[in-house]
Amino acid sequence: QLQLVESGGGLVQPGGSLKLSCTSSGFSLDLYAVGWFRQAPGKEREGLSCITSTDGNTDYADSVKGRFTISRDNAKNMVYLQINSLKPEDTAVYYCTPTHETYYIGTRYCRRESIFGANRWGKGTLVTVSS
């Protein structure tokens with residue numbers, strides 16, 4: 001059974017940091033580019049960042065550029081999202097999924113669009129930023 005599992009969320013004060021983790025079962029993340037997404041109550045889902053399968057190339061939404069850092073450890077089947085300088089508007093459920101990846105002239109690129117249907121997403125991890 002294919003499964004995505006996110007962890008690391010919690011309650012944090014504004015300005016604080018968190019490191020979210022993502023792993024999978026039933027398939028290996030190292031075969032895919034992987035992205036982080038979030039959904040806040042009453043808002044549309046937002047693609048935050050992605051990282052290619054092997055090159056380690058990344059892409060970020062403007063809203064998180066400079067504060068969020070995506071990374072991966074393929075040997076551990078893990079993808080991470082380091083979130084710094086948290087703001088109340090970062091409060092949301094955070095998800096990871098495989099994303100689109102293209103290969104062009106020797107370089108891989110990812111897009112912050114999931115290739116998994118909604119029924120394959122994990123439960124996410126809740127990040128609450130509040131004083």
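This is a predicted model: local features need pLDDT of at least 70, side-chain atom pairs count only at pLDDT 80 or more; totals for chains, interfaces and linings use all residues.
In which strand is methionine 78 found?

**View 1. Methionine 78, a buried residue of strand E8.** Here is the reply to the opening question: methionine 78 sits in strand E8. Its relative accessibility is 17%, so methionine 78 counts as buried, the cut-off being under 20%. Leaving aside neighbours within four places in sequence, methionine 78 is in contact with Ser21, Cys22, Thr23, Arg72 and Asp73.

**View 2. Asparagine 77 in the loop between strands E7 and E8.** This loop links up strand E7 (68-73) and strand E8 (78-83), and asparagine 77 is located in it. Have a look at the backbone here: phi of asparagine 77 is near 60 degrees, a positive value in a residue other than glycine. Asparagine 77 counts as buried because its relative accessibility is 16%.

View 3. Though not a glycine, isoleucine 105 has a positive phi of about 45 degrees. With 68% relative accessibility, isoleucine 105 counts as exposed.

**View 4. A nonpolar surface patch.** Isoleucine 105 turns up again here, forming a nonpolar patch on the surface with Tyr104 and Tyr109. Together, the three have about 390 Å² of accessible area. Tyrosine 109 belongs to strand E10, and its relative accessible area of 43% makes tyrosine 109 partly exposed.

Technical notes: Residues are numbered from 1 along each chain as its sequence is written. Side-chain values use heavy atoms; hydrogens and water are left out. Helices (H or I, at least four residues) and strands (E, at least two) are DSSP runs, numbered from the N terminus. Buried means under 20% relative accessible area, exposed over 50%, partly exposed in between (1.4 Å probe, protein chains only). Patches are made of residues with over 30% relative accessible area and no salt bridge: like charges are joined within 9 Å, nonpolar side chains (Val, Leu, Ile, Met, Phe, Trp, Tyr) within 5 Å. Accessible areas come from the Shrake-Rupley method with a 1.4 Å probe; for residues, only the protein chains shown count as cover. A salt bridge is a side-chain nitrogen of Lys or Arg within 4 Å of a carboxyl oxygen of Asp or Glu. Contact means heavy atoms within 4.5 Å.
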